[in-house]
Structure formats: C-alpha cells, structure tokens
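Good morning, and thank you for coming. Today I would like to walk through the side-chain contacts and the helix packing of one protein model.

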Amino acid sequence: MKDIGLVGLPGSGRSTLFTALTRHGAAGGRANQAVVPVPDPRLEVLARLQGSARTIPAQIRFVDVPGGTSSAQGIAQLRQVDALCIVLRAFGPNADPARELVEVRAELLLADLAVVASALEGARKRARGGRSPAQEVAALERAHEVLAAETPLRDAALDEETRRLLRAVAPLTLKPEVVVANLEEGAEVPPGLPEGTIGVWAALEAETAGMPEDEARALLEGFGIPEPGLERVIRACYRALDLVTFLTFNPDEARAWQVRRGAKAPEAAGVIHTDMQRGFVRAEVVAFDDLVAAGGWEAAKHRGLVRVEGRDYEVREGDVIHVRFAV
C-alpha cells in the first residue's frame, strides 16, 4: 500500500480535500491518515466469473499532515510518504494557485537543501575517518549542487545508484508529485498550472462525505461531476508512482494488488505473501479481457490463453495471476 501526503499552504483547503477524498473527518493534533479502496470494476466481474465470495480492492493511504512544510514535524512526516499531493487554493478572492505552487515547491526544495547539507557534512567527516563510502559523498554532493541551483531532484539527470543512495535522507523533491487545484463550484482548472493538474470541488465533495456512496455519487452527478475527485486523484497518483494492478482469485475472494511497473513475477508474488516470493516456481497468467472473453479461468486454459511464465516475466496492467510456489 502506498502513502500519499497532502501538502498545501494555509487556507488551501487541504483538510477539506482530505475529508472529500477519504470520506473521513480530520482529528487535529497529529498526522491524519485514511486508507481508501482503489475503485476497480474488474473485481466484480472477476468474482462473478469465478464464484468468489467477496471482492477486496487495492488500497491507498492519504496522509493529511497538520503544519505541512511549516514545521519540522510536518517535514519529517512528509518524508515517510511515497508521493506528494500538492493542494492549491483556486477559489475565493485573490486566488493565485500558480504562485502557491511556486511557493510550496520552494519550501520543499529548501527543506531538502537543509537535510542534504547536514547529511553531506556528516558523510565528509566519516569519509575522513574511512567510515563513509566515496559513493555516498558523491551522491550527496551531486544532490546539493542540484538543489542549490533551485532544481528539484526529480528533474535532475541522476543515475539509479545516486537515487538509491539519496533515499536514505528521503528527499521530498525526489518523490513523485500530483497537483490538485481546489476549485470553486462550477469552475475549471485555471491556466498557468502544470499539465495533468486535477481539479476538485473539495467543499462540495466534502459535504457528501457522510452520505452513502450511491447517494453521494448521484448528488455529485447532479452538479455535473460524473466522477468523484477521489477516483481522479487516485488515477493520477498511480501514474505518478508508475503502478500497475494485477488480480487474483480463489473461492473466498477476488482481489486487486498494486506493484511497480516493470516488476517481475516473483516480486508481484511477494506482494501477496513473502513465502510466495521465496518459493516462487512459476506464474500462470491471463489478461483480464481474455479471461472475460473466454468466460472464466478453465475456459481460458482450454483455449490456450493462460500462459506459464517464469521469473523474468514483467507483470502487466490487468494480469490475472495464479502463483505456483514451494516452501
């Protein structure tokens, strides 16, 4: 499960968006967290085809950090998340979301510059005593150079080894980001924001948080919102984190799992259970659409649509997988 940290300037409506996205109220004083299901209509279809008793969607956790970038505690909590969701005020008088985005990004960059400078000083001291690898010092020096030039680390041409070494200090500007414009009712995303910015009428959606889901969806559709903000934000987070979804089933459940794009079959097996990764033998795989067209797993096997894949197989979006393993 991936964690998405909400960050924004005071007055951006960050906590209102948290309520709208998660259908949970916020309890003040500490980081508020809510685990939400990732909508996936394929699960119901898979459960019907295979007779699974229930469906279990993949999950994502939203973290609303009180104080955000304005406190050391908020920065520390943001360093623990997998991606950042930057919330911008695009409602009310004098709204200037483009300026807010510049300011939030500057705060994140300055926070990284401070932590990298401190880590670099320590690494150099250890290196003089022979206790710090040269690669660590070089990675921190490169990061400091990039940040001092006011460039986010994600935009720099850093090799994979440098990125791996930098993860020890959890740079905020190395994390994927999603930008959300908190809009006035009926408004659209204003110009001047990055391509892919998600527009959400947070105040309106927050009002539906206490309603049953079908009633909330019907009300939002009445206001011209065919799809809740949660679903659009989750899709954007998946794109930012470069995740794919694979599916499994048994008589008890049809279930969705998330894994990084490019993951090999044993890694996907490990998402289900570590024993499956350790004892991985092979994966039986069929594309979801092929499974549906065939009418089920056994019919798909009969048509030769179920493939036997080994350790080097890269899991694809919508794969239905049965893992064979030995412990």
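Let us begin with Glu253 and Arg255, whose side chains meet in a salt bridge with a distance of 3.6 Å from N to O. Please keep in mind that the model is a predicted one. Is Glu253 buried or exposed? Its relative accessibility is 13%, so Glu253 counts as buried, because buried means under 20%. Arg255 has a relative accessibility of 26% and therefore counts as partly exposed.

Salt bridges that share partners also build a network here, in which Asp40, Arg42 and Glu317 are joined. How many salt bridges does the count come to? The count comes to 21.

Two packed helices are described by the angle between their axes and the distance between the axes. For H4 and H5, the angle is about 150° and the axes are 9 Å apart. Why do we call H4 and H5 roughly antiparallel? The reason is the cut-off: angles over 145 degrees count as roughly antiparallel, and H4 and H5 pack at about 150°, so they are roughly antiparallel to each other. Their crossing is left-handed.

Let us now turn to the aromatic rings. A pair of aromatic rings is described by the distance of the centres and the angle of the planes. A search of the whole structure finds two aromatic pairs. In one of them, Phe246 and Trp257 are stacked, with 6.5 Å from centre to centre and 15° between the planes. This pair links distant parts of the chain: Phe246 is in strand S8, residues 243–249, while Trp257 is in strand S9, residues 253–260, and they are 11 residues apart. Phe246 is buried, with a relative accessible area of 1%, and Trp257 is buried too, with 11%.

How are the rings of Phe249 and Trp297 arranged? Their centres are 5.5 Å apart and their planes stand at 65°, so this pair is edge-to-face. Here, too, distant parts of the chain are linked: Phe249 is in strand S8 and Trp297 in helix H13, residues 297–302, 48 residues apart. Trp297 counts as buried because its relative accessibility is 7%, and buried means under 20%.

Finally, there is a contact between a charged side chain and a ring. Arg89 lies over the face of Phe91, at 5.8 Å from the ring centre.

Thank you for your attention.

Methods
Residues are numbered from 1 along each chain as its sequence is written. This is a predicted model: local features need pLDDT of at least 70, side-chain atom pairs count only at pLDDT 80 or more; totals for chains, interfaces and linings use all residues. Side-chain values use heavy atoms; hydrogens and water are left out. Rings of Phe, Tyr and Trp (its six-membered ring) pair if their centres lie within 6.5 Å; planes under 30 degrees apart count as stacked, over 60 as edge-to-face and the rest as tilted. Helices (H or I, at least four residues) and strands (E, at least two) are DSSP runs, numbered from the N terminus. Buried means under 20% relative accessible area, exposed over 50%, partly exposed in between (1.4 Å probe, protein chains only). A charge sits over a ring if NZ of Lys or CZ of Arg is within 6 Å of the ring centre and within 35 degrees of the ring normal. A salt bridge is a side-chain nitrogen of Lys or Arg within 4 Å of a carboxyl oxygen of Asp or Glu. Axes are lines fitted to C-alpha atoms, for helices over the stretch in contact, and angles run from 0 to 180 degrees between N-to-C directions. Angles under 35 degrees count as roughly parallel, over 145 as roughly antiparallel, 65 to 115 as roughly perpendicular and the rest as oblique. A crossing is left-handed if the near helix is turned anticlockwise from the far one by less than a right angle, and right-handed if clockwise.
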